[in-house]
Amino acid sequence: MEFTAGQIAGILEGEVDGNPDIAVHKLAKIEDGEIGSLTFLANPKYTSFIYSTKASITLVNRDFIPEQDLTTTLIKVEDAYHSFSKLLQYYSESKVTKVGIDNPVYKTDSLIHGSDLYIGAFSYIGENVRFGNNVKIYPNVYIGDNVTLGDNVIVFAGGKIHQDSIIGDDCVINSGAIIGADGFGFAPDGKGGYTKIPQTGNVILEDNVDIGAGTTIDRATMGSTILRKGVKLDNQIQIAHNVEIGEYTVIAAQTGVAGSTKIGKHCMIGGQVGIVGHITIGDNVRIQAQAGIGRSVKDDEIIQGSPAFNYGEFSKSYVHFKNLPKIVKRIDKLEKKK
């Protein structure tokens, strides 16, 4: 599908500087731009590429003034990066337009669904399942009994949503993610072994939640494991039973959150972070990669290290730690002089 510079400018409320009729059919990085592609310039480090790119159209900020001749048509917008992201979303959505039910698929007559449903081959849909409008279930997906999916939900190939889970509107479950798995609940049996504690709750994802590939979210022991509106989880994350994650919090890959911990809204948590159970992390908290969180964290803290503490103090302490061998040598010399 092709779009002209004029059409794209209309979508993005931008201004064309060049040929409004030039057309593009693909997206590209500015250094790899080819004829027929659209790219963008947002980072000043890449400015030099705009004079050599072969991309037919380039999105730039409104205040951009070229210092050399250009061969690319410009579309000037308020925020080039945001506008390009918007086009990526349009491009992605255009690929997710399948409708209908493949064969073979297992589903019961109890399935209730809205319009524009797609179910891919070899998927399993349990009893008393409800789908909203425009739900897309890709091949080899498992949907357990009593699951509810809102409008515009996408479950990519191999995703699994276990019984009683509730998924809000506009959620994306990527390949291999598991929603509502049995939580890690065991109690010592007094004989050196462990007794399984049944996990009888569910998982709730509110609207506009994204779950990365291979991520697992355990159902609650009782009640619900809850991810609030706008939460974004990267690949290969473990969220344990009865965890609650606040609105618009983002978590990077390989992080693990133990049971019953409450994480606030608008937090940013780096990769490979370990968070113990039964603590509270406040709003607007920033946790650096590979941190170990063993205590509750107040609002607006920035922490690093394992065990984690204030980011500024960590950076100062690291300077001394890095110089520790030199400091030890100096102390040894002073000891010998005594």
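Start by selecting strand β6 (residues 57-61), where 4 of its 5 residues are buried. Buried means under 20% relative accessible area, exposed means over 50%, and partly exposed lies in between (1.4 Å probe, protein chains only). Helices (H or I, at least four residues) and strands (E, at least two) are DSSP runs, numbered from the N terminus.

This is a predicted model, in which local features need pLDDT of at least 70 and side-chain atom pairs count only at pLDDT 80 or more, while totals for chains, interfaces and linings use all residues. Residues are numbered from 1 along each chain as its sequence is written, and side-chain values use heavy atoms, with hydrogens and water left out.

**Around β6**

Two strands pair if DSSP finds at least two bridges between them. Here Phe40 stands opposite Leu59 in β6. Thr58 faces Leu74 in β7.

**The open sheet**

Now select the 8 strands of an open sheet with parallel pairing, in the order β11-β14-β17-β22-β25-β28-β31-β34. Its edge strands, β11 (130-131) and β34 (280-281), each pair on one side only. Strands of a sheet pair through backbone hydrogen bonds.

Go to strand β17 (residues 166-167), joined by 2 bridges to the parallel strand β22 (residues 202-205). Ile167 stands opposite Leu205 in β22. Leu205 in turn stands opposite Leu227 in β25, and β22 pairs with strand β25 (residues 224-227) over 4 bridges. Then move to strand β31 (residues 262-263), which has 2 bridges to the parallel β34; Ile263 is opposite Ile281 there.

**Charged patches**

Select Asp109, Glu127, Asp145 and Asp164, a patch of negative charge on the surface. Patches are made of residues with over 30% relative accessible area and no salt bridge, with like charges joined within 9 Å. A salt bridge is a side-chain nitrogen of Lys or Arg within 4 Å of a carboxyl oxygen of Asp or Glu. Glu127 sits in the loop between β10 (124-125) and β11 and counts as partly exposed because its relative accessibility is 37%.

Last, select Lys322, Lys326, Lys329, Lys333, Lys336 and Lys337, which form a patch of positive charge on the surface. Helix α4 (residues 324-337) gives the most to this positive patch, with 5 residues. Lys326 lies in helix α4 and counts as exposed because its relative accessibility is 58%.

Conventions
Patches are made of residues with over 30% relative accessible area and no salt bridge: like charges are joined within 9 Å, nonpolar side chains (Val, Leu, Ile, Met, Phe, Trp, Tyr) within 5 Å. Accessible areas come from the Shrake-Rupley method with a 1.4 Å probe; for residues, only the protein chains shown count as cover. Lys and Arg count as positive and Asp and Glu as negative; His and the chain ends are not counted. The place of a charge is taken as NZ of Lys, CZ of Arg, CG of Asp or CD of Glu.
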